[in-house]
Amino acid sequence: MSDEALTFEAAQKELEAIVDKLERGEAELEQLTALSQRGEELYRFCREKLDAAHGKIEELAKPEA
Amino acid sequence: MKVEPILYGDRKVYTVPAFSRGVAMWLGRLPPIWIEGEVTELRRNTAWARVFLTLKDPESGATLRVTMRRDRFDALELELEDGERVHVHGRAELYEARGELSFRAHTIERFGLGAHLAALERLKKKLAAEGLFAPERKRPLPFLPRRIGLVTGTEAAAKQDVLTTVTTRFPPARIVVAETPVQGARAAAGIVEALVRVSGLPEVDVIILTRGGGSFEDLLPFSDETVVRAVASCPVPVVSAVGHEQDVPLCDLAADVRASTPTAAGRLVVPDLAEVLQRLERARAGVERGARRTLETQEQRLVRAHDRLRRAPALAVERKHARLEATAGRLRALSPRATLGRGYAIVRARDAILRSAAAVSTGERVEVELADGGFGAVVE
């Protein structure tokens, strides 16, 4: 997925909005596949973000006095 | 003693006491002033005419020898202890025998928390008037910061509390730590500088500013105007966790969120990974379930539509029938039969209704129609 600007939070919200729409049965039949696909994409995006992030603690060098 | 140089040819040379005298005289022309500092090395001896103490600047550590007449000192009844902050009024003088600068005190006043508190209160009012603490300025914290800035002292506790909490709750967290002096003269400038540097780093979405507990004075840099302004103008949200629960340094008021402890601050900046994963998996399952539900809903809709479609022709005929009946009813109400019922008759000749007596001639055959039937007749 090429959503460079997408944040985890935005992706998660979009995913949950899709679920909401689907669960209310409001989606158009023609959209169904696209929505499911998008949902799966968003899930993978979020999942990758979590898996790819390796915890890291950096100490910033002190400025020259 | 006069300050007279010795002349060696055209070179003027002063003796040590003459030099000191000259400096002492010059110092003597300076006006009396107030000096603020911390009392250290207070020495009072009834055998001495003077009391000695060293006035120390708590931030830079710079010191100044202070002397005071013992009778004056005793009259103040201050019972000063080492470490107390004071204001000393007097003037500079030179201890000529050693060429050392000292400060001759006329009076000493204890400089207590009251003055600090008053100054702090004034600053708080001023900054509040500018709107720096206004609730509408507060920004929400990011749900999942890409990087977390941590501005903290070199002392381990607060820093370690934040790091432990954040990494336990959310192991993938990325944290960048900027250490800075958090008390003393260079603290305020150091904190401001660290805030600016960390907030300027790429992907830093939130900053924690923290320091463990300390005395009122230890926490003063966190109420420094430059620090408060730096927190308020920080381009990313700031969580402030300074001192203990009951301490409210001004930077806490300017921060977007105030945390009671470094641990609480750590909990605020990252979500619980387990919860995030659970929520994500739930959503994923929801996509499938939702898609199925959508299909079912659409199918039901289709079935209902089809059902209505099938019933539609019969329904339409029924409606038309009913409408026909209604029309017939109205037609009947208007028909001449009702009039005939009241005793009138319609007379036709040559299949046309007779409207004038002149239209028939004697011997012509006509048809007479009554309510219940008709008969033929001949005109006479």
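Because the model is predicted, local features need pLDDT of at least 70 and side-chain atom pairs count only at pLDDT 80 or more, while totals for chains, interfaces and linings use all residues. Residues are numbered from 1 along each chain as its sequence is written, and chains are lettered from A and ligands numbered from 1 in the order in which they are written.

Chain A contains two helices and one strand; here helices (H or I, at least four residues) and strands (E, at least two) are DSSP runs numbered from the N terminus. Along the sequence these elements follow the pattern α-α-β. Chain A has 65 residues, of which 20% count as buried, a term that requires 20 or more other C-beta atoms within 10 Å of the residue's own, with C-beta atoms placed from the backbone.

Chains A and B meet in a contact to which each contributes 30 residues; two residues are in contact if their C-beta atoms, placed from the backbone, lie within 7 Å. On the side of chain B, helix H4 (156–169), strand E9 (174–179), helix H5 (187–199) and helix H9 (273–334) each supply at least two residues. The largest share, 14 residues, comes from H9(B). By class, this side of chain B has 17 nonpolar, six polar and seven charged residues. Ala, Val, Leu, Ile, Met, Phe, Trp, Tyr, Cys and Pro count as nonpolar, Asp, Glu, Lys and Arg as charged, and the others, Gly among them, as polar.

Strand pairing also links the two chains: strand E1 (residues 56–59) of chain A and E9(B) run parallel over four bridges. Two strands pair if DSSP finds at least two bridges between them. Within this pairing, Glu59(A) has Val177(B) as its bridge partner.

Chain B also holds an open sheet of four strands, in the order E14-E13-E15-E16, with antiparallel pairing. E14 and strand E16 (373–378) stand at the edges with a single partner strand each, so one side of each is left without a neighbour in the sheet. E13(B) and strand E14 (residues 352–353) of chain B share two bridges, and Arg348(B) stands opposite Ile353(B). In their hairpin, which has two residues between the strands, Arg350(B) takes a positive phi near 50°.

On to E15: strand E13 (residues 346–349) and strand E15 (residues 365–370) of chain B pair over three bridges, and Val347(B) stands opposite Val368(B). Six bridges join E15(B) to E16(B), where Val368(B) stands opposite Phe375(B).

Note on methods: Buried ≥ 20, exposed ≤ 12 C-beta atoms within 10 Å, placed from the backbone.
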